[in-house]
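User: I would like to learn how to read charged features in a model. Can you take me through one?

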Amino acid sequence: MKKPTISNISIKANVSFFISLMLIFAICLIDSKLFIYSSLSTYYGFTISAVLSLILFLLVLIFKTNKVSAINISFFVFGLWCFYPLLISEVFTHQNLYRLSALMFYVVGFYIINRQNITIIFFAICVVATFESIICLLQYFKILDSQNIYFTVTGTSQNPNVIAMFLALSLPSVFYIYSFYKNNRRKMIGVIIILICTALILLKCRSAIIGAGFGVVVFYTLTLKIFKIYKAKHIIIVLFIGIGLLIPIVKYMYLNKKDSADGRKLIWNISTQMILDSPFKGYGIGMFEREYNLKQAWMIRNEQIESDDLKNADFVKMAYNDYIETAIEGGLLYLLLFLMMLIILLTTPFWKYENKEDTEPKIPLEAQNASYAAITMFSLIALFNFEINAIPVFLLFSFYASILSQNTLSVKLPNKVFVKHLDKPALGFVLIVSFYILFWHINQSKAHLKNKKAADFLKEGKHKKAQETVETLKLKLKVSESYHNNFGSILLAQEKYLEALAHFETAKKLTSNPSIYEKSAICNIKLKNRKDAIMNYEFASSLSPKTMNYKYNLLKLLLAEKQLNKAYKTATEILKMKPLKVTHLTKLYQNEAFKVVEKYGFRFKSKPIKSLKYLPINI
């Protein structure tokens, strides 16, 4: 393998490019507590850095003598998929601009990546993956704290799946560098590969582990030209042997986290029904969490979920399948655009490179192979996880896609009309729009910082100061769930129940978070409206069936309203629950529920409840 050269670029330019890449990866990987939701820090890091990169690129392009004379077909489809959310949405939101930011990285990468700087990109990915792997190891040995109390190892994110998928997609870059180094440097890269694989195992993300293995096989199949060297029958035999060895591994992974796997099957079953209910329009970009959980809650309340599946039902934020989630949010047309984009990228090895001006492809074949392996990995993992909404993973996808797209078909623009006369006005227009989006993101991020400040004032008991702070954000965050939830909580703390309830009701239009339904129930109780309070607690307990607190509060309300039939049923459900962690409160809830069942069971001719692990309990 010929070692790529970067001799045509100055050392200063190489260093600047490398540092820029490292900064982009860092701000997209590290969750911070600057915002109410830590994910907003990586979101704004991703979107603002994308717009800035595009603006710098456009400024250079406007004053450049050679112009863009063709549109790449993969660029066209990628652009359609990213712009589609804007076409079906009435207002700017985080979600419909998120994919547009990925397109910006894709465009910049497509036009600036070449044979001279491709190694810098892969090297930057390798360095970042190494640091992440070391952090995972330090967390495992308790030297560093995990970002999530429920997981021992998470990396720099609160969700270990995000870092696991990032490390998996980084492996093709690492193996690319490993392929052209020799001696001690190659040994060092080998150690890095072992570090990354160890971190992947510690993060316990099954889809990332399977995807990583598949991606490495694809990379070496292309690099070693397996299909040209060996006969088809030999390849088929080896393939069947590999599948045979893989089956027990997959089975072990399934049994090791059986509840999680069964939970995803339930999610996919309900999601499929949702697609059939609204196949063309979808439910709105970024609305999966709300619409899915409401659908699941409705099915639970109407007893349309079997008991074996019901034990796996819980509040979820994603479909754990990007194809299904894409269809739910944007409809089948949106899914079709996503599939077209992947198909075009995955068929690049069959495109013939034709360029009369260049004697060789813009990107070396080995880099194309690494990028192809990463895209195949992305396509596979997308069947079982949430790569699109995992910001650092989607960032890698944008870079790999821009590299792989160099070899796809391009359509030439009409030289006389566009390139000579309309190129600068078009670029100027895009530049103006980019500046508008940049300032929009900056203003939104400032507003969310203020929203977090108001939340901190609330925690400190400074209610009036919190209200004064959050009142200034009405226009900027009117479609933000966190704003309405926070404002409602501030008003609730000041016993302004009617005003607080109005904000919680607005928040319900944006999310199905059960905690908001609980706060609405509290407001209704204070306003002497127990009927609506019961309804809200019923929704909360259906949205999050494994949260015992919601059912217990519902039980108390039902008893107060003398709805003994529903109270008895709720008490029975509490007794059947198996809390992940037994605490003083869970014992209290189940003990009170047992008393209800014991007192009213005879009225409903119920059979005695047997073999309840925690009952009876003395508090």
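Analyst: We start with the overall fold, then take salt bridges and a charged patch. Keep in mind that this is a predicted model.

User: How many helices and strands are in the chain?

Analyst: The chain has 25 helices and 2 strands. Of its 619 residues, 51% are buried.

User: Now salt bridges. How many are found in the whole structure?

Analyst: The general idea is a distance test: a side-chain nitrogen of Lys or Arg within 4 Å of a carboxyl oxygen of Asp or Glu. A search of the whole structure gives 13. Take Lys452 and Asp456: their closest N and O atoms are 2.9 Å apart. Both residues sit in helix 17, 4 residues apart, which is about one turn of the helix.

User: Is Lys452 buried or exposed?

Analyst: Lys452 is buried, at 16% relative accessible area. The cut-off for buried is under 20%.

User: Which parts does the salt bridge of Arg530 and Glu561 tie together?

Analyst: First the distance: N to O is 3.2 Å. Arg530 lies in helix 22, while Glu561 is in the loop between helix 23 and helix 24, so the pair ties together parts 31 residues apart in sequence. Arg530 is partly exposed at 38%. Glu561 is partly exposed too, at 34%.

User: Where do Lys551 and Glu573 lie?

Analyst: Lys551 and Glu573 form a salt bridge, with closest N and O atoms 3.0 Å apart. Lys551 is in helix 23 and Glu573 in helix 24, so this pair links parts 22 residues apart in sequence. Lys551 is buried, at 10% relative accessibility. Glu573 is partly exposed, at 31%. Elsewhere, salt bridges with shared partners join Arg301, Glu538 and Lys566 into one network.

User: Which residues form the positive surface patch?

Analyst: A patch takes residues with over 30% relative accessible area and no salt bridge. Here the positive patch consists of Lys446, Lys450, Lys453, Lys465 and Lys476. Helix 17, residues 415-459, gives the largest share, 3 residues.

User: Where is Lys465, and what is its relative accessible area?

Analyst: Lys465 is in helix 18, which covers residues 463-471. Its relative accessible area is 43%, so Lys465 is partly exposed and passes the over 30% cut-off for a patch.

Key. Residues numbered from 1 in each chain as written. Predicted model: local features only at pLDDT ≥ 70, side-chain atom pairs only at ≥ 80, totals over all residues. Heavy atoms only, no water. Patch = residues over 30% accessible without salt bridge, like charges linked within 9 Å, V, L, I, M, F, W, Y side chains within 5 Å. Areas by Shrake-Rupley, 256 points an atom, 1.4 Å probe, with all protein chains shown as cover. Lys, Arg positive; Asp, Glu negative; His and termini not counted. Charge placed at Lys NZ, Arg CZ, Asp CG, Glu CD. Buried < 20%, exposed > 50% of the residue type's maximum accessible area, 1.4 Å probe, protein only.
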